[in-house]
Amino acid sequence: MAAPTQAEVRRPSAGSTIANIFRDRPVIPLILLLVGLIVVLNIFRPGITTPNWAAIIIRTAVPLAILAGCQTLTMLTGGIDLSVGAVASMAGFLVATLVGDFGFFPSILIALFFAVLAGTITGIGVGVFRVHPLIMTLGMGLVVLGLANVWQLVMVQTGSGVPSELRWLGSATAAGLLPVSLLVFVPVAAFVLLLLRRTGYGRLLYAIGDNPVASRLAGARSWQVLVALYMLSAVIAALAGFLYSGLNNTASVTLVDSQVLPSVAAAVIGGTSIMGGRGGYGGTIVGTLILVVLISLLSALGLTEAVRQILFGSMIVLVAAAYTRVTGEG
């Protein structure tokens, strides 16, 4: 029996080739999963995936994808931002209560200012005083919620409600197909993608998450990177809050709280490691679409709310575990 030639020994198997493709292009298995969910949805509800359905899915996914961008950026450094729900809710509530006295754009700027202030304090706590991001962002979220409640008591008689500009931005569609919220999402997504792929700051985020000691020894001022990071996260959260307020036509100090954990799940499903140093926003966007389509699928099955929650949580865990297994990222 002849010994295998060197070329035969080096020739990769089909399975390893596919695994390598998935590992180098992690968005591919996510897109395949998204397509699979849409196919299953069509099996249970034939003809449901119309252009109008797609517009609803995208409109629902846009603010969650923006919020998940905060988690993607912070998780790349080995952190997390649990304050995004409170900051987003606060931003939408401030605009609703201030628009009657100051007008739309000044109210937006005021809300963004307080979001930046919250992000700056969080960044100083994490970057300068070395408070763990989980504790710091959880505490800051409670502080923001408390202050928003105080403001709510002051403004309960004078609030003007969600301005028409936010209602249009969050819930309207152009030509009945394209959600107007894409006007916010596309620039935000392009900014985050370019930040991570084309800038030195983006490389610093990966470096700090991968090996904070080595990055510090290499001369990176990690505290400055982290302060800027949490300021940026707060601004992005505020933008998501504006869209959530317009989408739901309501302003509440707890409006976005329920979306914090789904935003984390979208980033994890999208391939961002909670340990830091690995991931990207492209996967997070697809991960968000997977979550929204999954919710649509569970609703189409006509299950009770309790059963839907159980299945939703279980599927998130299974999808994240399967993705890690397929791409070899574990």
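Leaving aside its neighbours within four places in sequence, which residues is Ile66 in contact with? In this predicted model, where local features need pLDDT of at least 70, side-chain atom pairs count only at pLDDT 80 or more, and totals for chains, interfaces and linings use all residues, Ile66 is in contact (heavy atoms within 4.5 Å) with Val184, Phe185, Val188, Ile236, Ala240, Leu243 and Tyr281. Residues are numbered from 1 along each chain as its sequence is written, and side-chain values use heavy atoms, with hydrogens and water left out.

Ile66 and Leu73 touch the most other members of the largest nonpolar core, which has 84 residues; such a core is a set of buried Ala, Val, Leu, Ile, Met, Phe, Trp, Tyr and Cys residues joined through side-chain atoms within 4.5 Å, buried meaning under 20% relative accessible area with a 1.4 Å probe and protein chains only. The largest share of this core, 13 residues, comes from H12, helices being DSSP runs of H or I with at least four residues, numbered from the N terminus.

Thr288, placed in helix H14, is buried, with a relative accessible area of 1%, and beyond four places in sequence its contacts are Ala61, Leu64, Ala65, Ala68 and Ala266.

Of the 20 residues that line the largest pocket, Thr60, Leu64, Gln259, Pro262 and Ile295 are the closest to its centre. Here a pocket is an open set of points on a 1 Å grid over the protein atoms alone, where a 1.4 Å probe fits and protein lies on both sides within 12 Å along at least five of seven lines, and lining residues have an atom within 4 Å of a point. H4 gives the largest share of this lining, 5 residues.

Definitions and conventions: Helix = DSSP H or I, 4+ residues; strand = E, 2+ residues; numbered from the N terminus. Buried < 20%, exposed > 50% of the residue type's maximum accessible area, 1.4 Å probe, protein only.
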